[in-house]
Amino acid sequence: ISGGSCLLAGVVTALLVGCFLDYTSLYKVTHITLSVLTVVSCVITMTVLKLGSAHSLGQIMVPTILLGMASVSFFPASLSYGAEVTFPLQPALVNACMNFLG
């Protein structure tokens, strides 16, 4: 349940982040924000796992959903940022190279 919620929240957030980037073109700010949120939510998730009750799904759901929102949407935002930075090249070529090298 927790993993599915993490993935679902990440996919929805990735779509929203993509729309946000199309309208604003704030790639670097979005990239830094998602990086910080990934680290913070990872620390919170590990803390809850260490200190929380083993039988309480509610305690782990909020940090896990935050982790999914930050980390799953990070990859498509990074691909968009890479395509934007290497503008004269075709976006399909840049995305294929970044996926291959990643």
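Q: Why is Thr64 called buried?
A: Thr64 has a relative accessibility of 9%, and buried means under 20% relative accessible area, with exposed being over 50% and partly exposed in between (1.4 Å probe, protein chains only), so Thr64 counts as buried. This is a predicted model, in which local features need pLDDT of at least 70 and side-chain atom pairs count only at pLDDT 80 or more, while totals for chains, interfaces and linings use all residues. Residues are numbered from 1 along each chain as its sequence is written, and side-chain values use heavy atoms, with hydrogens and water left out.

Q: Where does Thr64 lie, and what is it in contact with, leaving aside its neighbours within four places in sequence?
A: Thr64 has its place in helix H3, where helices (H or I, at least four residues) and strands (E, at least two) are DSSP runs numbered from the N terminus. Contact means heavy atoms within 4.5 Å, and, with neighbours within four places in sequence left aside, Thr64 is in contact with Ser2, Cys6 and Thr45.

Q: What makes up the largest nonpolar core?
A: A nonpolar core is a set of buried Ala, Val, Leu, Ile, Met, Phe, Trp, Tyr and Cys residues joined through side-chain atoms within 4.5 Å, and the largest one here consists of five residues, namely Val17, Leu21, Tyr27, Leu34 and Ala77. Helix H1 (2-24) and helix H2 (27-51) are the elements that give two or more residues to this core. Leu21, one of the core residues, touches Leu26, Tyr27, Thr30, Ala77 and Ser80, not counting residues up to four places away in sequence.

Q: How do you know that the aromatic pair of Tyr27 and Tyr81 is stacked?
A: A search of the whole structure finds one aromatic pair. The rings of Tyr27 and Tyr81 have their centres 6.3 Å apart and their planes at 15°; rings of Phe, Tyr and Trp (its six-membered ring) pair if their centres lie within 6.5 Å, and planes under 30 degrees apart count as stacked, over 60 as edge-to-face and the rest as tilted, so the pair is stacked.

Q: What does the pair of Tyr27 and Tyr81 tie together?
A: Because Tyr27 lies in helix H2 and Tyr81 in helix H4 (residues 74-85), the pair ties together parts that are 54 residues apart in sequence. Tyr27, at 12% relative accessibility, counts as buried, whereas Tyr81, at 25%, counts as partly exposed.

Q: Why is H3 called roughly parallel to H4?
A: Helix H3 (residues 57-72) and H4 pack at an angle of about 20°, with their axes 5 Å apart. Axes are lines fitted to C-alpha atoms, for helices over the stretch in contact, and angles run from 0 to 180 degrees between N-to-C directions. Angles under 35 degrees count as roughly parallel, over 145 as roughly antiparallel, 65 to 115 as roughly perpendicular and the rest as oblique, so H3 is roughly parallel to H4. In this packing, Ala70, Ser71 and Val72 in H3 meet Phe74, Phe75 and Pro76 in H4.

Q: Which residues of H4 are buried, and what covers them?
A: The buried residues of H4 are Ala77, Ser78, Leu79, Gly82 and Ala83, and their cover includes H1, H2 and helix H5 (91-101).
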